[in-house]
Amino acid sequence: MLSVQNQIVLITGASSGIGAACAKVFANAGAKLILAARRLERLQELVELSDTTSVQYHLLQLDVSDRSAVESAISTLPPAWSDIDILINNAGLSRGLDKLHEGDIQDWEEMIDTNIKGLLYLTRYVVPGMVSRARGHVVNIGSIAGHQTYPNGNVYCGTKAAVRAISEGLKQDLLGTPIRVSSVDPGMVETEFSEVRFHGDSDRAKKVYQGVTPLTPDDVADVIFFCVTRPSHVNINEVVLMPVDQASATLVNRRT
Ligand SMILES: NC(=O)c1ccc[n+]([C@@H]2O[C@H](COP(=O)([O-])OP(=O)(O)OC[C@H]3O[C@@H](n4cnc5c(N)ncnc54)[C@H](OP(=O)(O)O)[C@@H]3O)[C@@H](O)[C@H]2O)c1
């Protein structure tokens with residue numbers, strides 16, 4: 001097993017859900033963490049709640065969909081933080097659940113700008129350093145939605161299918177380097193995801209998980225940690241994980 005002790009790990013979308021769970025797992029393993037999200041106060045809370053006092057953190061208030069902000073955040077990292085070893089492209093969201101021909105175009109733009117373009121910007125600005133140092137691992141958080149389109153999921157599913165293709169392409173383009181690329185693609189995970197999808201309608205969000213035992217953010221963080229800690233000649237290309245109560249994007253066992 002490869003150690004992540006003192007490795008510099010950049011996690012986007014670390015203020016909630018899967019990203020925050022990754023921060024905990026990697027902190028416990030002695031990594032140095034760059035945590036990025038738009039809600040800086042949530043990142044600060046996460047650090048304050050951390051029971052691992054020896055962990056070094058660098059917080060970035062960053063909107064991944066803002067190309068010049070990403071470029072500037074990466075190019076102005078203090079020297080002690082600039083040699084990123086592991087990039088976890090986790091920031092992402094769904095907005096709305098509507099028929100395509102009735103969808104909200106603003107929702108589409110937000111998903112495309114965050115899930116596809118944000119992930120691309122981070123990758124474009126971080127990976128050249130990995131190539132020149134001849135070390136690194138990129139973990140993209142995809143989704144079961146990138147494998148199967150579900151009714152009304154149209155654009156979100158499209159963004160995650162794009163993430164899947166981008167992960168595959170990045171792996172091909174990095175062939176001949178030691179840089180690893182993994183895509184971790186969960187099914188249903190209980191986070192703020194559904195609340196964001198339904199624009200803060202928490203009753204509707206709760207219904208998504210009703211009668212089901214979903215994955216927890218920690219379950220997904222465990223899998224990400226597994227991918228990263230394999231021996232350096234092993235590349236886990238893609239992991240699809242879902243709760244036992246789920247068999248596909250649309251088949252869910254509800255006990256109510
Ligand atoms: N929950 C699920 O069922 C599920 C299933 C499959 C895949 N996923 C994927 O897992 C990833 C994490 O989602 P989650 O379930 O953990 O949801 P979450 O609890 O809503 O967390 C999403 C994170 O992304 C960040 N984010 C969103 N837009 C951003 C932007 N423009 N710039 C920077 N950060 C941004 C949010 O931080 P700020 O709001 O503070 O910026 C937050 O930290 C996403 O890519 C999602 O598509 C989730």
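Trainee: Which of the 28 residues around the ligand come nearest?

Mentor: Ser15, Ser16, Arg38, Tyr156 and Thr191 come nearest. Keep in mind that this is a predicted model.

Trainee: Which polar atom of arginine 39 lies 2.8 Å from an oxygen atom of the ligand, side-chain or backbone?

Mentor: For arginine 39 it is a side-chain atom. Isoleucine 18 uses a polar backbone atom, 2.8 Å from an oxygen atom of the ligand.

Trainee: How much of the ligand does the protein bury?

Mentor: Taken alone, the ligand exposes 860 Å², and the protein buries 96% of that.

Trainee: Why is the ligand said to sit in the largest pocket?

Mentor: The test is that more than half of a molecule's atoms lie within 2 Å of the pocket's grid points. The ligand sits in the largest pocket, so it passes that test. The volume of this pocket is about 1,200 Å³. Its lining has 48 residues, and among those closest to its centre are Leu93 and Phe193.

Trainee: Which helix gives the most to that lining?

Mentor: H6 does, with 4 residues. H6 spans 193-197.

Trainee: Which helices each supply at least two residues of the shell around the ligand?

Mentor: Helix H1 (17-28) and helix H5 (154-173) do. By class, the shell has 12 nonpolar, 11 polar and 5 charged residues.

Notes:
Residues are numbered from 1 along each chain as its sequence is written. This is a predicted model: local features need pLDDT of at least 70, side-chain atom pairs count only at pLDDT 80 or more; totals for chains, interfaces and linings use all residues. Side-chain values use heavy atoms; hydrogens and water are left out. A residue is near a molecule or strand if one of its heavy atoms lies within 4 Å of it. A polar contact is a pair of N or O atoms within 3.5 Å; within protein, one must be able to donate a hydrogen and the other to accept it, and residues adjacent in sequence count only if both atoms are side-chain atoms. Accessible areas come from the Shrake-Rupley method with a 1.4 Å probe; for residues, only the protein chains shown count as cover. On a 1 Å grid over the protein atoms alone, a cavity is a set of points where a 1.4 Å probe fits but cannot get out, and a pocket is an open set with protein on both sides within 12 Å along at least five of seven lines; lining residues have an atom within 4 Å of a point. Ala, Val, Leu, Ile, Met, Phe, Trp, Tyr, Cys and Pro count as nonpolar, Asp, Glu, Lys and Arg as charged, and the others, Gly among them, as polar. Grid points are joined across faces, edges and corners, and a volume is the space filled by probe spheres set on the points.
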